[in-house]
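Trainee: I have not looked at this one before. Can we go through a part of it together?
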Amino acid sequence: MRKSFQVLKNFQTRLIRILKKRGEYFLSDYKNKLIFSLIIGILISGITLFFAFKNVPFNELLNYIRIIDYRWIFPSFAILFASYIFRAARWQIIVSSSHKINFKSAYHALMTGFMINCLLPGRAGEIARPLILQKNDKIPFTAGLATVAAERVFDVVLLLAFFSAVLANVEIDPGFEIRFNNFILNRETLESIFTGMIKLSILLISGIIILSIEKIRNIMKKAVIHFPLLLFFLKEKTKQKIIIKICQPLVNILDSIASGFVLLKSPVKIGLCIGLSVLIWLLNAFSFYIFSKGCPGINLSFIEISAVMILICIFIALPSVPGFWGLWEAGGVFAMSLFGVLQKDAAGFTLANHAVQVFPVIILGALSAAALGVNFIKISYER
């Protein structure tokens, strides 16, 4: 009996040791990827910051930042905060299509995720949000991640719609261009980016629609489950192991992803999400516009400021440091130069407005993380 107990104890000790080593390996691997992402982001951000500010004397930039009327921060922030309230409401509608969730949970998880995006590389906040839902609301991780993807689909579609409206209504000199080393930014570049985004969006939305059709999804699931049976050179036991360990989890993932897009079956919810998306992006643009009123040399219309915001969003889609520093400034300087704004004024406005857009989100996110009792660094490393 003692011998059996000792054997069991030794086995337990070895198992714990193996699991610990595997855990350390995976954590180390994730940290290495995170560090690599951060290094790439720093390089891209550093290069774009250099080109954004290379023609702006540092003293002139400091002087411009000093003369901004910062009283405009308060209405700008109030409008920005309202946009996040509507973001949370939209996400609640998307999630509640398949799982119960209240507004408070949606808001706190969303703000915590946005804060993490401002503090950690690799857009870790997008992973943190479904993790928070999994811990607090018992919503499967993959389903939660699919709802974040659904939210991003609405954002992309609305940005493309705004982008097409801007290209149609804003006059851009065909001969205007800005050079970033060997890379040229002009109207032709914008149109090619727009075309590429349209193609990618059509592909993405088509995939989502196909996956959301139950009959097609069932065919895909059967194909996944039966695929190992076609591998005649494998033993029956091996085939069953592949089905259990690989195929079945894939089938579960397909179901979870589809559950994140259940709202596609409800035209009312789709309409609500589209309406909220329009409101969210109009408020974001209005936040930019209000802050510009306190910035000397920035005399752009609401449509022109909206174009600036859209181009910044396109720039920050690239990898960068947390908070999108560098890419934001490069996008803002380029966009404002299209409308004849002096480079020093564009650089000063973009830098100050970036701070106004990011730092309040960090504060609100920290408050939300505290309300949820979430250790945001721990939850970011967990996946």
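This is a predicted model: local features need pLDDT of at least 70, side-chain atom pairs count only at pLDDT 80 or more; totals for chains, interfaces and linings use all residues.

Trainee: How many residues does α5 have, and how far does it reach?
Mentor: Helix α5 covers residues 124–137, which is 14 residues. From its first C-alpha to its last it reaches 20 Å, close to the 20 Å expected at 1.5 Å a residue.

Trainee: Which residues of α5 are buried?
Mentor: Ala124, Gly125, Glu126, Ala128, Arg129, Pro130, Leu131, Ile132 and Leu133.

Trainee: And what follows α5?
Mentor: Lys138 does, and its phi is positive, near 60°. Lys138 is a residue other than glycine. Most residues other than glycine have a negative phi.

Trainee: Where does Lys138 sit? Is it buried or exposed?
Mentor: Lys138 is placed in the loop between α5 and α6. Its relative accessible area is 66%, so Lys138 is exposed.

Trainee: New topic. At what angle do α6 and α11 cross?
Mentor: Roughly 130°, and the axes come within 10 Å. Here α6 is residues 141–169 and α11 is residues 302–315. That angle makes α6 oblique to α11.

Trainee: Left-handed or right-handed?
Mentor: The crossing of α6 and α11 is left-handed.

Trainee: Which residues make the contact?
Mentor: On α6 they are Leu159, Phe162, Phe163 and Val166. On α11 they are Ile303, Ala307, Ile310, Leu311, Cys313 and Ile314.

Trainee: How many of those are nonpolar, polar and charged?
Mentor: In the contact of α6 with α11 there are 10 nonpolar residues, no polar and no charged.

Notes: Residues are numbered from 1 along each chain as its sequence is written. Side-chain values use heavy atoms; hydrogens and water are left out. Helices (H or I, at least four residues) and strands (E, at least two) are DSSP runs, numbered from the N terminus. The expected span of a helix is 1.5 Å times one less than its number of residues. Buried means under 20% relative accessible area, exposed over 50%, partly exposed in between (1.4 Å probe, protein chains only). Axes are lines fitted to C-alpha atoms, for helices over the stretch in contact, and angles run from 0 to 180 degrees between N-to-C directions. Angles under 35 degrees count as roughly parallel, over 145 as roughly antiparallel, 65 to 115 as roughly perpendicular and the rest as oblique. A crossing is left-handed if the near helix is turned anticlockwise from the far one by less than a right angle, and right-handed if clockwise. Contact means heavy atoms within 4.5 Å. Ala, Val, Leu, Ile, Met, Phe, Trp, Tyr, Cys and Pro count as nonpolar, Asp, Glu, Lys and Arg as charged, and the others, Gly among them, as polar.
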